[in-house]
Amino acid sequence: MEASRPVNSRLLKWTIAVVIGVVSLLGVHYISTTSVSAQPGLSQYDAALDTEMAAKRKARTKAKKKKKKKTFHISRLSQNDIKLMANAVYGEARGEPYIGQVAIASVIINRSKSPNFPESPAAVIFEPRAFTAVADGQIYLTPNPKAKKAVRDAMRGWDPTGGCTYYFNPATATSKWIWGRPQVKRIGKHIFCR
Amino acid sequence: MVYGAISRVVMPIAVVGLIGAGMWGYQEHNEKNSILIKAENQYQRAFHDLNYHIDRLHDELGKTMVINTRNQITPSIANVWRLAYTAQSDVGQLPLTLMPFNNTEEFLSNVADFSHSVAIRDLSKHPLTAKEQKTLHDLYKHSKEIKKELDHVQTKVIDKQLRWMDVESAIASDDKKTDNTIIDGFRTIEKRVQEFPEVDWGVTVQSVDHKRKQRIQGLKGPRITKEQAKDIAVRFAGLQDQKNKLKIDVDSDGKGTDYTAYSVRIVDGNVDNPLSMDITKNGGRVVWFLKEKEIQEERITIEQAEANANRWLKDHGYDTMVAAESDSYDGLGVFTFVNQQNGVRIYPDSVTVKVALDTGEVNGFHAVEYLYNNKVRQIPQAKITEQKARTVLSPNLKVTEHRMAMIEGKMDGKEVLCHEFTGTFDNQTYMVYVNAQTGQEEEVVRMETEQDDEVEGMDETQEQNETT
């Protein structure tokens, strides 16, 4: 008894150490894997929520279908393009006044019309380094209805910037070159230029 | 002894923990590297692709110089169009947004537009003019310079194993210490393109360019002051009787000579729903106004809203307008009105009005197109009758309506008188415009009607209701 006690205690200590080690390793592994896959995980949840909401909406849509109004207009960007732009607007300017959000959407539209930039809204948005919200992933936040409405207004021709294709936040802008462009106006935190 | 006991417990844990952390760190490091390499590869691909496409572009332009048969030149020019377009798309995938490279992009875009306008033309009827020959020659020379410079950069990128990721961070931070070969190379190209003598791009490109310049210059008319702008804004918004209660800010836009407007912001009571408005400095015309507000339950129909919009336009001096388009989103009715003269719709003179479907109030308006296009017009006589114009139409189209309209011509942007036919194909509505002077199809527009986006459209209104 006397002799076996230290052996036992040492065994115990080692077991504890190994268990803690394994647990900590597992913990580290868990953290590292989840931190890498945090976004997909989140979007899965969002997707589930979305389908649920869509199902609800569909149910209500059926009930309301009869009230549908007559509309007639030129075919424009798809619903998904609007969503994508709303994501960009929300990521770039969610704290800005409504007009500021319409202005950001207008810049995207003006760029896609300009020969100096890519043609589709997606190519404009994902042009490397064009938008900070794309670079830091804020574009993957879920936009609110206000951002979507701002995009729709901009698509229907409301352009608070008067045709601008650039804007920057003077507090955070790092490129000196952007200051050299002709400035048109300031809306909220952003300065818009040609 | 106590210390020894503790160390006997802690040491193994620390060792195992350290190994664990080390393994984790190594794994993280590897993952980060592989992501960086993936990103770098994307840039490398776009860059080498750009070089390839510019090489081919230069080749094709060279071919157009020596081809003398008309039906051989069209495939070559069509290739120029495709390559210029692709090269521009390659540029869009490189991190050049934060440095001046826009002249080169514009150059490529103009090459694409110019070659497109030539490629789609029937060259046996309208062969290349001497002017166009010269333009092609100029483009050939310019593409040679761009190609030479790009080639030089590409050689260095490969030989010195330069990385675009470094360029990206150098541009973003204005860092002068890193290897600037790539940035300098692209700056040189941009400078060269800027120094190119003026290329004669032909009417298609010029008309777009002209329009843009005209817009930057702004409207003509007597100059107004900030105070006058304030009065105009208040009157336009119909808030004269509450003028003393309003908080009005007026900003003068832009600096230098390119400015056009005053920005007015009116806060009436509720700070969350300000009214924003732009008023031209010359002439004091309202370019647009927008009032953001939450829409409560919809009470009026789209037809009633349209009538409201029409009445509102008449009250604001637009009295010859007819509704051409209607749309509804987020509890709003949005209508585009166009000028009508002697029964002819004049599409370039268009304004857009937004009506809230709860109160029927007009809370948005813009007239950019109208202000720049409206003028005294002499509408020409149609040489082609409706009957004859109908024979041009595709047999696939079931015509339901006909009227006369003025639209901007495809080639040179000049206004042309057209027969406008509304028809359907596969349950989709199309508007086809047949030139009333030449009898050629000028434009086809696909229209979206309510059946089109029934479910999606409903989705949107539902979403609005959920949030309010």
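Visitor: At roughly what angle do the axes of helix 3 of chain B and helix 6 of chain B cross?

Guide: The model is predicted, so local features need pLDDT of at least 70 and side-chain atom pairs count only at pLDDT 80 or more, whereas totals for chains, interfaces and linings use all residues. Residues are numbered from 1 along each chain as its sequence is written, with chains lettered from A and ligands numbered from 1 in the order in which they are written. Helices are DSSP runs of H or I of at least four residues, and strands are E runs of at least two, numbered from the N terminus. The axes (lines fitted to C-alpha atoms over the stretch in contact, with angles from 0 to 180 degrees between N-to-C directions) of helix 3 (residues 102-119) and helix 6 (residues 181-195) of chain B come within 8 Å and cross at roughly 60 degrees.

Visitor: How is helix 3 of chain B oriented to helix 6 of chain B?

Guide: Angles under 35 degrees count as roughly parallel, over 145 as roughly antiparallel, and 65 to 115 as roughly perpendicular, the rest being oblique. The crossing at roughly 60 degrees therefore makes helix 3 of chain B, relative to helix 6 of chain B, oblique.

Visitor: Which residues of helix 6 of chain B make the contact with helix 3 of chain B?

Guide: Residues are in contact if their C-beta atoms, placed from the backbone, lie within 7 Å. Helix 3 of chain B contributes Asn103(B), Thr104(B) and Phe107(B). Their partners in helix 6 of chain B are Ile189(B), Glu190(B), Val193(B) and Gln194(B).

Visitor: Why does the length of helix 4 of chain B agree with expectation?

Guide: The expected span is 1.5 Å times one less than the number of residues. Helix 4 (residues 130-159) of chain B has 30 residues and should therefore span 44 Å. This agrees because its end C-alpha atoms lie apart by 43 Å.

Visitor: Which residues of the largest nonpolar core touch the most other members?

Guide: A residue is buried with 20 or more other C-beta atoms within 10 Å of its own, exposed with 12 or fewer, and partly exposed in between, C-beta atoms being placed from the backbone. A nonpolar core is a set of buried Ala, Val, Leu, Ile, Met, Phe, Trp, Tyr and Cys residues joined through C-beta atoms within 7 Å. In the largest, of 91 residues, the most other members are touched by Val89(A) and Ala105(A).

Visitor: Which helix gives the most to this core?

Guide: The contribution is nine residues. It comes from residues 98-113 of chain A, helix 4.

Notes:
Contact = placed C-beta atoms within 7 Å.
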